[in-house]
Amino acid sequence: MNKKIESSKKYVWLAMYLAATAISFAAGFEPGKIAYTNFSEYFIEMISFIPFLFIIIGLFDVWFPKEKIEAHIGRQSGITGIIVVILLAMLQAGPLYGAFPVAYILYTKGASARNIFIYLGAFSSLKIPMLGIEIGYLGLKFTLVRTLVSLPLFIAIGFLMEWYLRDKKFAVNKV
Amino acid sequence: MVNNAFIFMFASLGLTLFSFVLDKKKTLKGLKKGFFMFKNIFVPFVNILILISLVLYLVPVEIISNYLGPDSGPTGLLSAALVGSITLIPGFISYPIAASLISQGASYTVVATFMTTLMMVGVVTFPLEAKYFGRRVALVRNILNFFAAIVIGLVVGWLM
């Protein structure tokens with residue numbers, strides 16, 4: 001019963017909006033009609049590409065499981081280490097605070113401070129599902145430009161953090 | 001937008017066929033996974049579209065282009081960076097917001113800065129981050145990323 005209430009809760013806002021729109025149309029309330037026209041444009045825009053994007057994401061998930069890459073992560077240094085953490089980050093999803101537990105795993109596997117911070121940078125802006133949505137909404141050019149400008153800065157931040165921590169004891173704590 | 005939709009349609013169809021030829025079972029599993037992920041975000045996504053359509057009706061275009069447009073200068077840039085740092089908006093929701101801001105006259109610099117701070121700087125999540133890395137390290141990381149986001153915004157705006 002509780003579960004049912006929980007799952008129907010998320011429809012409340014939607015139901016209220018639809019009711020208000022129906023009333024606006026019945027009563028000839030112009031602002032409600034205009035807001036609905038805007039909404040229907042956004043909705044068509046969304047439904048025309050997001051479902052296809054999720055097909056791609058789902059397929060990606062089964063063909064390139066992140067667990068496989070995670071197994072290869074560890075003390076690699078230099079370019080290889082940087083590429084591996086960036087690839088791992090690209091396969092993730094979710095908000096930045098979801099990356100901290102993975103940073104802890106990387107730390108226990110012997111990854112350097114530099115690569116841990118490069119991972120966080122790549123996680124925040126190179127995740128493949130997010131890049132897909134970004135291309136859909138802001139265009140391929142914007143996405144490419146933003147990604148290519150961000151990448152060297154994230155790597156630089158990794159090096160800066162390593163330099164900052166050079167004579168300090170760095171540890172990632174389990175929370 | 002129509003062109004983009006076609007890219008996604010063809011890419012997903014092509015990849016599904018390719019994957020199906022390679023491995024039938026894996027493909028079905030992937031499609032199922034994709035469907036459930038879509039199902040999970042569908043209602044929250046529609047709710048955000050409702051909210052955007054209401055807010056954009058209430059906020060006139062002139063206000064957005066004045067405060068976040070190409071002529072908004074350092075004020076627009078800084079306010080985008082601060083709002084992006086403080087708010088905690090899920091990524092997939094921030095893209096339709098960003099697209100509607102651009103269509104209402106906001107500049108690429110402002111939007112790229114907002115998006116980047118949103119993803120990389122976390123004021124609300126700072127206590128959690130400090131537990132993992134320690135206060136000083138978390139503070140340094142956030143400050144570095146804040147300035148990196150401004151640089152990213154300026155360069156993206158200049159290149160677009």
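In this predicted model, the interface between the two chains brings 58 residues of chain A into contact with 60 residues of chain B. On the side of chain A that touches chain B, two or more residues are contributed by each of the helices α2 (12–27), α3 (30–47), α4 (50–63), α7 (99–108), α8 (113–125) and α9 (128–164) of chain A. Of these contributions, the largest share comes from α9(A), which supplies 17 residues. Sorted by class, this side of chain A consists of 45 nonpolar, 8 polar and 5 charged residues.

On the side of α9(A), the contact is formed by A:Val145, A:Arg146, A:Val149, A:Ser150, A:Leu153, A:Ile157, A:Leu160, A:Met161 and A:Tyr164. The residues of α8(B) that take part are B:Val140, B:Arg141, B:Leu144, B:Asn145, B:Ala148, B:Val151, B:Ile152, B:Val155, B:Val156 and B:Leu159. By class, this contact comprises 15 nonpolar, 2 polar and 2 charged residues.

Helix α8(B) also packs within its own chain, where its axis and that of helix α4 (residues 73–86) of chain B come within 11 Å and cross at roughly 130°. That angle makes α4(B) oblique to α8(B), and the crossing of this pair is right-handed. The contact involves B:Leu77, B:Ala81 and B:Ser85 of α4(B), together with B:Phe146, B:Ala149, B:Ile150 and B:Gly153 of α8(B). Its residues divide into 5 nonpolar and 2 polar, with no charged residue.

In soluble globular proteins, nonpolar side chains tend to be buried together. The largest nonpolar core of the model has 91 residues, and those with the most contacts inside it are A:Leu53, A:Val85, A:Ala103, A:Ile116, A:Tyr119, B:Ala98 and B:Val111. Helix α9(A), which also gives the largest share of the side of chain A that touches chain B, contributes the most to this core, with 11 residues. When residues up to four places away in sequence are not counted, A:Ala103 touches A:Ile116, A:Tyr119, A:Leu120 and A:Val172 in chain A, as well as B:Tyr132 in chain B.

A:Leu96, which lies in the loop between α6 (78–90) and α7 of chain A, is buried, because 21 other C-beta atoms lie within 10 Å and the cut-off for a buried residue is 20 or more. Apart from neighbours within four places in sequence, A:Leu96 is in contact with A:Phe123 and A:Ser124 of chain A, and with B:Met119, B:Gly122 and B:Thr125 of chain B. A:Leu96 and A:Ala111 are 15 residues apart in sequence, and their C-alpha atoms are 19 Å apart in space.

A:Leu151, by contrast, is placed in helix α9 of chain A and is partly exposed, since 16 other C-beta atoms lie within 10 Å. The C-alpha atoms of A:Leu151 and A:Ala122 are separated by 7.3 Å, although the two residues are 29 residues apart along the chain.

Conventions
Residues are numbered from 1 along each chain as its sequence is written. Chains are lettered from A and ligands numbered from 1 in the order in which they are written. This is a predicted model: local features need pLDDT of at least 70, side-chain atom pairs count only at pLDDT 80 or more; totals for chains, interfaces and linings use all residues. Two residues are in contact if their C-beta atoms, placed from the backbone, lie within 7 Å. Helices (H or I, at least four residues) and strands (E, at least two) are DSSP runs, numbered from the N terminus. Ala, Val, Leu, Ile, Met, Phe, Trp, Tyr, Cys and Pro count as nonpolar, Asp, Glu, Lys and Arg as charged, and the others, Gly among them, as polar. A nonpolar core is a set of buried Ala, Val, Leu, Ile, Met, Phe, Trp, Tyr and Cys residues joined through C-beta atoms within 7 Å. A residue is buried if 20 or more other C-beta atoms lie within 10 Å of its own, exposed if 12 or fewer, and partly exposed in between; C-beta atoms are placed from the backbone. Axes are lines fitted to C-alpha atoms, for helices over the stretch in contact, and angles run from 0 to 180 degrees between N-to-C directions. Angles under 35 degrees count as roughly parallel, over 145 as roughly antiparallel, 65 to 115 as roughly perpendicular and the rest as oblique. A crossing is left-handed if the near helix is turned anticlockwise from the far one by less than a right angle, and right-handed if clockwise.
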